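Colleague: I have a model open and some questions about it. Can we go through them one by one?

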Amino acid sequence: DHASRTVIKGSRWLLLRNKANITRGEDRVRLYDLLDANRNLMIVYVLKEDLKQLWQYKYPKAAHRAWKNWHRRAMQSAIEPLRRFARRLKPYVPGILAHCRFGLHTSLLEGINNKIKVIKRMAYGFRDDEYFFLKIRAAFPGIPR
């Protein structure tokens, strides 16, 4: 109906924002109205928030239990795009759960890669790969071999 459509229209960014970052009262009311107007949207929003919590776990077994619970709820929903997303996400679960043990973020990896690129540019023309890898190891003394 027209009233529900006006509530939903233009709310994409409101749905994509973290709930903690919605500080204005009128935005919170608008979000709650939006979720009340559409049951499927409410289910997806709740599951989105629950899936984001998976990155906060410190213990892999607890994270795996949370994943199985989330996956079960997503597959039980009657929302086919959500079920398809859950099926596509399943092969990546070991990598997601590895975040519990190794909390590496892409920012650290990007920094390491950029440092290696600088070393490579400085070593242009050298033909000794062993020396190149020694320079990389010297640039990161805290990382064991």
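What follows is a short exchange on this predicted model.

Colleague: Is Asp27 buried or exposed?
Modeller: Asp27 is found in helix 3, residues 25–37. Its relative accessible area is 9%. Buried means under 20%, so Asp27 counts as buried.

Colleague: Which residues does Asp27 contact, leaving aside neighbours within four places in sequence?
Modeller: Contact here means heavy atoms within 4.5 Å. With neighbours within four places set aside, the partners of Asp27 are Leu14, Arg17 and Ile22.

Colleague: How does Ala20 count, buried or exposed?
Modeller: Ala20 sits in the loop between helix 2 (12–16) and helix 3. Its relative accessibility is 66%. The cut-off for exposed is over 50%, so Ala20 is exposed.

Colleague: How far apart in space are Ala20 and Asp128?
Modeller: In sequence, 108 residues separate Ala20 and Asp128. In space, C-alpha to C-alpha, the separation is 52 Å.

Colleague: Which element gives the largest share of the largest nonpolar core?
Modeller: This core has 17 residues, and Leu54, Trp67 and Trp70 touch the most other members. Two or more residues each come from helix 4 (39–52), helix 5 (60–76), helix 6 (80–89) and helix 7. The largest share is 5 residues, and its source is helix 5.

Colleague: What does Trp67 touch, not counting residues up to four places away in sequence?
Modeller: Trp67 is one of the residues that touch the most other members of that core. Beyond four places in sequence, Trp67 touches Leu51, Leu54, Ala86, Leu89, Lys90 and Val93.

Colleague: Is helix 8 parallel, perpendicular or oblique to helix 9?
Modeller: Helix 8 and helix 9 (residues 129–139) pack with axes 10 Å apart, at an angle of about 140 degrees. Roughly antiparallel needs over 145 degrees, and roughly perpendicular runs from 65 to 115. The angle therefore makes the pair oblique.

Colleague: How many charged residues does the contact of helix 8 with helix 9 have?
Modeller: From helix 8, Lys115, Ile116, Ile119 and Lys120 meet Phe132, Lys135, Ile136 and Ala139 of helix 9. By class, the contact has 5 nonpolar residues and no polar ones. The charged residues number 3.

Colleague: Is Leu104 buried, exposed or partly exposed?
Modeller: Leu104 lies in the loop between helix 7 (93–101) and helix 8 (106–122). Its relative accessible area is 48%. That value falls between the 20% and 50% cut-offs, so Leu104 is partly exposed.

Key: Residues are numbered from 1 along each chain as its sequence is written. This is a predicted model: local features need pLDDT of at least 70, side-chain atom pairs count only at pLDDT 80 or more; totals for chains, interfaces and linings use all residues. Side-chain values use heavy atoms; hydrogens and water are left out. Helices (H or I, at least four residues) and strands (E, at least two) are DSSP runs, numbered from the N terminus. Buried means under 20% relative accessible area, exposed over 50%, partly exposed in between (1.4 Å probe, protein chains only). A nonpolar core is a set of buried Ala, Val, Leu, Ile, Met, Phe, Trp, Tyr and Cys residues joined through side-chain atoms within 4.5 Å. Axes are lines fitted to C-alpha atoms, for helices over the stretch in contact, and angles run from 0 to 180 degrees between N-to-C directions. Angles under 35 degrees count as roughly parallel, over 145 as roughly antiparallel, 65 to 115 as roughly perpendicular and the rest as oblique. Ala, Val, Leu, Ile, Met, Phe, Trp, Tyr, Cys and Pro count as nonpolar, Asp, Glu, Lys and Arg as charged, and the others, Gly among them, as polar.
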